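Dear colleague,

I am handing over the structure we spoke of, and below it you will find my notes on what was found. Please read them with the model open beside you.

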Amino acid sequence: MAVMQFREALRAAMTEEMERDDGVFLIGEEVAQYNGAYKVSEGMLDRFGKDRIIDTPISEAAFSGLGIGAAMSGLRPIVEFMSWSFTLVCLDQLVNNAANVRYMSGGQYRVPIVFRGGNGIAHQLAATHSHRMESVYSRIPGLIVVCPSTPAEAKGLLKSSIRCDDPVIFLESEKMLSEKGEVPDESSFTLPLGVADVEREGSHVTIVSYGRPVQRVVRPAVDALVNEHGISVELINLRTLRPLDTQTIINSVKKTNRCVIVDEDWGYCGMGAGILQKIQKPLFDYLDAPIEYVHSDEIPVPFNHYLEEAMMPSVDRIVAAAKEVCYA
Amino acid sequence: MPAEITMPQLSDTMTEGTLIKWNKKEGDKVKAGEEVADVETDKATMPLESYDGGTIAYIAVQEGGKVAVGSLVAVIAKGSENPAEIKAKYAAGGNAKPAAPAAAPLARAAESAPAAQPDKVTATATLVAASRGEIHEPDGVGHGATREASHPVPPLPQAKGNGESHRVRVSPLAKRIATENKLDLSRVPGSGPEGRIVQRDVLSYLENGGGKESAASAPAATPVVLSGEKQVITLTKMRTAIAAALLRSKQTVPHFYETIDIDVTDLSQLRERLNKRLEKEKVRLSLADFITKAVASTLIQHPALNARFNSEKGEITRYGDVNLGIAVSVPDGLIVPVLRGVNLLGLKEIRARSEDLIKRGRDQRLKREEMSEATFTISSLGTFGIRDFSAIINPPEVGILAVGAAEKRAVVKGDAIVIRTMMSVTLSCDHRVVDGATAADFLRSLKETLEEPGMLLV
């Protein structure tokens, strides 16, 4: 085990996979000469050369399309977006091409590609650069959507994503890149896609979350609930949003009878709303309270630091929701 | 076609009627609208009126006879019809309708009533006294829709009791556990929001021997103990605590009681005026809020009663703020949430806070500190119409005020008897530390304040 930053874990995953497979390459804005807008690819140009670490013009539609073409031709591209908010300009490439080529070609083409970059609210980037794109991509058949919340998950899940034969939407957070954590060293380490992690076992309430809020507010809220309120929490970190590990959630809530979903998306048609739709029927007879969904307020994301904080899920909001479903 | 007189439904709850007295006998002439008999219903004795004119051919129910609503009572021969033939036919059971069920003949009458077959209408009878104001047509012709409207209506089938008002709020999990244990959820008190029955309610109910001995603790259904049976009830925790506390109080605190009548006529009018002004804010002050306010302000003037007594130390502690306990009944018990610093609160705040405390109290969601450290308590049974009662002190407090109903009474004012809205309150005091005159002083101040609520401003 080595303690490394989230960005280092991502770099380690890409480096290991590029060494393992000549077909893997990295393409995106500033990934080569500048060593990455967020220094994720630092040193990779020196190591792998300009044929495999490729800078692009500022045109997401062009370089994501280029990546899809390369993937259809047998390579395994990693396409880095500076922000997932920018993929609104290449939605056609991701949704119509990446997600559908395999289906539309009757299986003649596969699209083994990873699109990765920072997603969600990353501190004072304002309304247009703070989009949480997970609910947009998680609803598209043909895509796999992955969202790590620790450096170890970043490495293990990214390696599996690169090896995956279908297009993977890999959602990071600019705010997490400097977070440190223990990461297994061995190059054989991977984490399976489509499998949620029961981070903590508990008996009173199941909290379901993923990505940055797990680290930012959910784990502190769980500590408060357990230590200050005597509520035993089972924490499920989803890791993959599509395909959703529905069974792990169901098994957990059948045990706890109460469920709180937390994300930073907007509530209406949000990621949590989609999760709720998948579990409420199988869980209906097991619920002692309505499922609570803690999400961001439904407003454009404010630039102001305090307003931005206020619109996002907080420890207090999660504690209150958990207490409510526990009637505590 | 002879006209039948059937037993009408003369009240909403009537299912059968007793024929008390016939005014006519067979062979007598009757006019349309004439009262032919007296009928006793479940509520009163009322005259039975014939819709049709003619000759009474056959009397099917003798005096003292009891028949279901809609059953044949008599038959009238109209025009040239032969009463003897009709009687023979009916007496033999020819056209006679069965005596029950009550609804059937009327229903048929309604179906066949439209003008297409006017002479097939089954005439019925109505009651002058029971008339709902419709004017009945005088004769057997053209018994159309207007007639039907005034026909007595057959009773509706008994409601099954599954209406929204009977809906039991229950979480799906609690429902499943109840089903698995064959538990009647209407007996389980719910502790969730709006009384929702949740897992812990069902589990604790089952733990306490659910559905058998502890049935009496359920609020939803008043358990009936059948004749020849008996029922043993294990006290709930709350009941046990109440029993111990009240016994201790009555055994160790020497109570004495003083009652005073208070004229709240002006106060009631003030309340109405204020409520009109507060309508926009959706605030509705209750009489209890004014009493709370007045008691708090009076207690500040009489600190001897706004106190707690530690008998072991021989100390009385008087308080500069009023923490007012308000006795609230809950299923199988009572709780006393405490309005803190009520002497500093306005009426709107008193209303909002007491509503909140009482609601959460009934939902069993009060925190311990919201039920402790009262300096005085009010108990009111006014809404039950109780005029006057004596309450048991909640030690270490030294007094409790029992508030009766505000009601109109005849009172002597000067030398005249006038109608005033009056309310009696009874103060219970701990005679170890409060004397009769002290208590009387307090009551006099309270009376002055409530009779002249402007004093609250002073």
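In this predicted model, strand β10 of chain A, which covers residues 205-209, pairs with strand β11 of chain A, residues 233-237, and the two run in the parallel sense over five bridges. Within this part of chain A, Val205(A) stands opposite Val233(A), a residue of β11(A).

These two strands belong to an open sheet of five strands in chain A, whose order is β9-β11-β10-β13-β14 and whose pairing is mixed. At the edges of the sheet are β9 (197-200) and β14 (292-296) of chain A, each of which pairs on one side only. From one strand to the next, the twist averages 25 degrees.

Which strands of chain A does helix α8 lie across? Helix α8 of chain A, formed by residues 212-229, lies across β9, β10, β11 and β13 (259-266) of chain A, and it runs at about 170 degrees to β11(A). Helix α9 of chain A, residues 246-256, also packs on the sheet, where it touches β9, β10, β11 and β13 of chain A, and its direction makes about 155 degrees with that of β10(A).

Turning to the two chains together, nine residues of chain B are in contact with eight residues of chain A. On the side of chain B that touches chain A, the largest share, four residues, comes from helix α4 of chain B, which spans residues 172-180. Sorted by class, that side of chain B has four nonpolar residues, four polar residues and one charged residue.

With kind regards

Technical notes:
Residues numbered from 1 in each chain as written. Chains lettered and ligands numbered in written order. Predicted model: local features only at pLDDT ≥ 70, side-chain atom pairs only at ≥ 80, totals over all residues. Contact = placed C-beta atoms within 7 Å. Nonpolar A, V, L, I, M, F, W, Y, C, P; charged D, E, K, R; others polar. Pairing = 2+ DSSP bridges. Axes fitted to C-alpha atoms, helices over the stretch in contact; angles between N-to-C directions.
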